[in-house]
Amino acid sequence: MSNMKTCGHGRENYVVIHYKHNHSWFESPKGGRHPSAYSMLQCKKCRAVFSSKSKYVDDLPREEGD
Ligand SMILES: [Zn+2]
């Protein structure tokens, strides 16, 4: 099982929760903001979370407060 896989509901259901960074607890600083080529997406339909560096990420709505 990989977190790189989308849930399959389609990009119209996805929002960006972390744009081109992540909050890894396995890197230092733990839980801090780590720049990444990947963005974290969440599906509004099934709440699945996954990462992607696809081009369409730039066109997705982004969650505020990140
Ligand atoms: Zn989904």
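This briefing describes the fold of one protein chain and then turns to individual residues. The model is predicted. The protein chain has zero helices and five strands, and along the sequence these follow the pattern β-β-β-β-β. Three strands form an open antiparallel sheet in the order β1-β4-β5.

**Overall dimensions and packing**

- The radius of gyration of the protein chain is 12 Å, which agrees with the value near 11 Å that a compact globule of 66 residues would have.
- Along its principal axes, the C-alpha trace of the protein chain spans about 35 × 30 × 20 Å.
- Of the 66 residues of the protein chain, 9% count as buried. A residue counts as buried if 20 or more other C-beta atoms lie within 10 Å of its own.
- Among contacts between residues at least 6 apart in sequence, 51% join residues that are at least 24 apart.

**The sheet of three strands**

- In the order β1-β4-β5, the strands of the open sheet pair in an antiparallel manner. The edge strands are β1 and β5, because each of them pairs on one side only. Neighbouring strands of this sheet are turned against each other by 40° on average, with direction ignored.
- Strands of a sheet pair through backbone hydrogen bonds, and the arrangement is either parallel or antiparallel.
- The antiparallel pairing of β1 and β4 runs over four bridges. Within this pairing, V16 has L41 of β4 as its bridge partner, and Y14 has C43 of β4.
- The antiparallel pairing of β4 and β5 also runs over four bridges. Here Q42 has V49 of β5 as its bridge partner.
- The hairpin of β4 and β5 has five residues between the strands, and R47 takes a positive phi near 70° there.

**Two residues of strand β1**

- V15 is found in strand β1, which covers residues 14-18. The place of V16 is also in strand β1.
- V15 counts as partly exposed because it has 13 C-beta neighbours inside 10 Å; the class of partly exposed residues falls between 12 or fewer neighbours (exposed) and 20 or more (buried).
- V16 is likewise partly exposed, since 19 other C-beta atoms lie within 10 Å. The cut-off for a buried residue is 20 or more.
- V15 and L41 are 26 residues apart in sequence, yet their C-alpha atoms are 5.6 Å apart in space. V16 and K44 are 28 residues apart in sequence and 10 Å apart in space, C-alpha to C-alpha.
- Leaving aside residues up to four places away in sequence, V15 touches L41, Q42, K44, L60, P61, R62 and E63.
- With the same exclusion, V16 touches S39, L41, V57, L60, R62 and E63.

**Backbone features in the loops**

- The peptide bond from S28 to P29 is cis, with omega near -5°. P29 is placed in the loop between β2 (21-22) and β3 (34-35).
- K20 has a phi near 50°, which is a positive value in a residue other than glycine. The place of K20 is in the loop between β1 and β2. K20 counts as partly exposed because it has 14 C-beta neighbours inside 10 Å.
- R47 has a phi near 70°, again a positive value in a residue other than glycine. R47 lies in the loop between β4 (39-43) and β5 (49-52). R47 counts as exposed because it has 8 C-beta neighbours inside 10 Å, and the cut-off for an exposed residue is 12 or fewer.

Key: Residues numbered from 1 in each chain as written. Predicted model: local features only at pLDDT ≥ 70, side-chain atom pairs only at ≥ 80, totals over all residues. Contact = placed C-beta atoms within 7 Å. Rg over C-alpha atoms; globule rule 2.2 N^0.38 Å. Pairing = 2+ DSSP bridges. Axes fitted to C-alpha atoms, helices over the stretch in contact; angles between N-to-C directions.
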